[in-house]
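Subject: Structure for you to look at

Hello,

Here is the structure I said I would pass on. Please open it next to this email and follow the residues as they come up.

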There are 2 protein chains.
Amino acid sequence: MIDKNVALISSGTVQIIPEVDLKKKLESGKVLQIKLGADPTAPDLHLGHAVVLSKLKQFQQLGHHVVFLIGDFTAHIGDPTGKSKTRPPLSDEQIKHNTKTYFEQVGKILDIKKVSVRFNSEWLDALSSKDMVKLCAQVTLARLIEREDFATRMENNQAIGFHELLYPLFQGYDSVALKSDIELGGTDQTFNLLMGRFLQEQYNQAPQIVITMPLLIGLDGVHKMSKSLGNYIGLTEPADQAFGKLMSISDDLMWHYFEVLLCRTKDEVAQLRSRVAAGTLHPMELKKDMAQEVIIKFWSLDEAQKAREAFTALFQQKDYSKAQEVALPAATQNPIWIVELLKILGAVASSSEARRLIDGKAVHVDEQTVTDFKAEISWQSGTIIKVGKHRIYKIS
Amino acid sequence: MIDKNVALISSGTVQIIPEVDLKKKLESGKVLQIKLGADPTAPDLHLGHAVVLSKLKQFQQLGHHVVFLIGDFTAHIGDPTGKSKTRPPLSDEQIKHNTKTYFEQVGKILDIKKVSVRFNSEWLDALSSKDMVKLCAQVTLARLIEREDFATRMENNQAIGFHELLYPLFQGYDSVALKSDIELGGTDQTFNLLMGRFLQEQYNQAPQIVITMPLLIGLDGVHKMSKSLGNYIGLTEPADQAFGKLMSISDDLMWHYFEVLLCRTKDEVAQLRSRVAAGTLHPMELKKDMAQEVIIKFWSLDEAQKAREAFTALFQQKDYSKAQEVALPAATQNPIWIVELLKILGAVASSSEARRLIDGKAVHVDEQTVTDFKAEISWQSGTIIKVGKHRIYKIS
């Protein structure tokens, strides 16, 4: 039973530090505190976050206790130099609002009633200057600047604000305050997660186990999925749209999604690859299976079925009756600048993204390719806008 | 008048940063706040401290206001890792006691009634964790590790506790809290003094002028004068003993003392040197002049006169009737281990210092050279112990 649970928790992870302790903790019979850090400045969740959330769900299913740690202490501060306009201090209302939005999305994957939410201002606000000196005294400078981004910036003579070095300490101290047994994060968080483990030992606690999950590559097949790069599928996007985006990825990336999002083992993926290579499995059909399975996992069985049918009708049978209908706001200009229109449809996040798509001849209005970035588009009910191979919008 | 004051304040300094501001501040007619940091863990002052204190005295004489900043915040913390036994946290009583001792000694040079004493716990204790983040955000890591000792330790892969980097920030913030106009220190404090200047600017204050004074070389002619090296003359030592120690320094070091302790210009020192070289001035007589002048400056005219006479009687006329009499404690063993005896007499600070002196054949009891480190000495009233060329103790 425990071995089965260890195997379940281990599946799809990149590292468990130390592996030997995981079995011990699971055997202890204790309800474990599973910590995940959440950033109240970026409340839009996407499939990249789903990787870690799915792992948390497994812990929930085994009866353990998931704690979301909202980093409101630093969010309240914003940029402490006051020089950056892109990092203003957030008010309590903004943080409350972002947290609410965040958990509406988390609720798509986790049982929200069973999670705890803690704000680190609770203990970090209360640290005195003496406590801070004591906290800082637990580590050496050399250890802190081992963090990859610090090391890189030092090598490139890029400035590091001294306060930035405090942040991994704060994040680690959160584990002390929470007495967490296990902390999860992406592989890019390894340093910070280990800092929690280290500080717990310094403060005479049993050190948490660190579990890192792979970073999901975005739709572009190159970068980590992120909202700012526009290469993402949001957890609250309509299932149809998510299905279309999943169908737009390269075959190479499909294997990655099978592994990371659907927890297939390397062996299972290798078998699928060889069947595709042998011609006994059509990659387009396999991609539809993948997309359907992702939608089942993070949306619902019903939505997945409908999304697959709509996709087949739209793109294979060119039946636009099932295209996603979008009602434009009453005040929408007509004709309208194509970039503006793409933004209203939610097809692009920025003008530069629109420009890339238009330059790549990937934007079509009623089957006509748009070639001019400055084009003005006349529209009416029923106008079809196609973006890339797998996104179709119908104006209602 | 102002030019005369600028010349007075500038005399004997190593750096004034920036020089141009000194005249402006002195011209302003304002009573200036002159800051000096004091360490409550090391209350024993010696001639090395006298260099800076003399400069403060000049400011007092011009009507400015001297503020002693007692670093009790960090003294209260001690070694925050709790691992060092040599840096225990100091209690309020200990700090109060040390401060009292400190000012008894300072009073030998400054008019104590006119100085202010401030404890930095007053504002540093009150800094919240957010204030600390803001303070740290004022500087880059690169700037902090420019401090010479940090840079050297990084180069040699020696550990730097992360909290150590906070200390120059605290010291700089003291200048903000005090709104100091000028801060003084030894040249080894330049980085920290400039940090005060820098932080005042960040906190929208007029930045303090930094004045650095030369470090006095100790009796050994090699290292900075310090208690731990035993190469010092304490401000509370009997004038006779101080005179003897001054007479024990090399001729080379004498020029340094003329410059640093007696504020002779380089030209004046050069003239003295050439007279000695020409044989028109005897170095022994010149050294007595120097010693006498130092005792006049930091002890009194009367004590200086007596010390010179006693020295001449003792060492030139071998008349031990004027030797410093020392009463041994009632329980003192007889015979007694030579090292123990030297410690009781205050002739050495440690057994290793005693060993060096004995090995160097510099310890004599009633004109007999002590050659054995383990020697047991029989003593009685009138026993003469000679240590080095210029220290003589007579047991009373």
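A:Val210 touches A:Gln15, A:Ile16, A:Ile17, A:Glu183, A:Leu193, A:Leu194 and A:Arg197, leaving aside residues up to four places away in sequence. The model is a predicted one. A:Val210 belongs to strand 6 of chain A, which covers residues 209-213. Its relative accessibility is 0%, so A:Val210 counts as buried, the cut-off being under 20%. For a sense of scale, A:Val210 and A:Gln368 are 52 Å apart in space, C-alpha to C-alpha, and 158 residues apart in sequence.

A second residue to look at is A:Gln241, in helix 12 of chain A. Is A:Gln241 buried or exposed? With a relative accessible area of 10%, A:Gln241 is buried. Not counting residues up to four places away in sequence, A:Gln241 touches A:Gln324, A:Gly346 and A:Tyr393.

Next, the aromatic rings. Over all chains, the structure holds 18 aromatic pairs. One of them joins A:Phe243 and A:Phe311: the ring centres are 5.5 Å apart and the planes stand at 50 degrees, so this pair is tilted. The pair links distant parts of the chain, 68 residues apart, with A:Phe243 in helix 12 (residues 239-247) of chain A and A:Phe311 in helix 16 (residues 301-316) of chain A. A:Phe243 and A:Phe311 are both buried.

In chain B, B:Phe73 and B:Phe170 form an edge-to-face pair, at 5.1 Å centre to centre and with 70 degrees between the planes. B:Phe73 sits in helix 4 (residues 72-77) of chain B and B:Phe170 in helix 10 (residues 166-178) of chain B, so the pair ties together parts that are 97 residues apart in sequence. B:Phe73 counts as buried because its relative accessibility is 0%. B:Phe170 is buried too, at a relative accessible area of 3%.

Back in chain A, one aromatic cluster is formed by A:Phe68, A:Tyr102 and A:Phe103. There are also arginines placed over rings. A:Arg143 lies over the face of A:Phe198, 4.1 Å from the ring centre. A:Arg355 lies over the face of A:Phe373, at 4.0 Å from the ring centre.

Now to helix packing. Two packed helices are described by the angle between their axes and the distance between the axes. What are these values for helix 12 of chain B and helix 16 of chain B? The angle is about 60 degrees, and the axes of helix 12 and helix 16 of chain B are 9 Å apart. These two helices of chain B, helix 12 and helix 16, are therefore oblique to each other. Their crossing is right-handed. On the side of helix 12 of chain B, the contact is made by B:Ala239, B:Asp240, B:Phe243, B:Gly244 and B:Met247. From helix 16 of chain B, the residues in the contact include B:Glu303, B:Ala307 and B:Phe311.

Which residues of helix 13 of chain B are buried? They are B:Leu253, B:Met254, B:Trp255, B:His256, B:Tyr257, B:Phe258 and B:Val260. What covers these buried residues of helix 13 includes helix 3 (47-61), helix 12 (239-247), helix 14 (266-277) and helix 15 (283-298) of chain B.

Regards

Definitions and conventions:
Residues are numbered from 1 along each chain as its sequence is written. Chains are lettered from A and ligands numbered from 1 in the order in which they are written. This is a predicted model: local features need pLDDT of at least 70, side-chain atom pairs count only at pLDDT 80 or more; totals for chains, interfaces and linings use all residues. Side-chain values use heavy atoms; hydrogens and water are left out. Buried means under 20% relative accessible area, exposed over 50%, partly exposed in between (1.4 Å probe, protein chains only). Helices (H or I, at least four residues) and strands (E, at least two) are DSSP runs, numbered from the N terminus. Contact means heavy atoms within 4.5 Å. Rings of Phe, Tyr and Trp (its six-membered ring) pair if their centres lie within 6.5 Å; planes under 30 degrees apart count as stacked, over 60 as edge-to-face and the rest as tilted. A charge sits over a ring if NZ of Lys or CZ of Arg is within 6 Å of the ring centre and within 35 degrees of the ring normal. Axes are lines fitted to C-alpha atoms, for helices over the stretch in contact, and angles run from 0 to 180 degrees between N-to-C directions. Angles under 35 degrees count as roughly parallel, over 145 as roughly antiparallel, 65 to 115 as roughly perpendicular and the rest as oblique. A crossing is left-handed if the near helix is turned anticlockwise from the far one by less than a right angle, and right-handed if clockwise.
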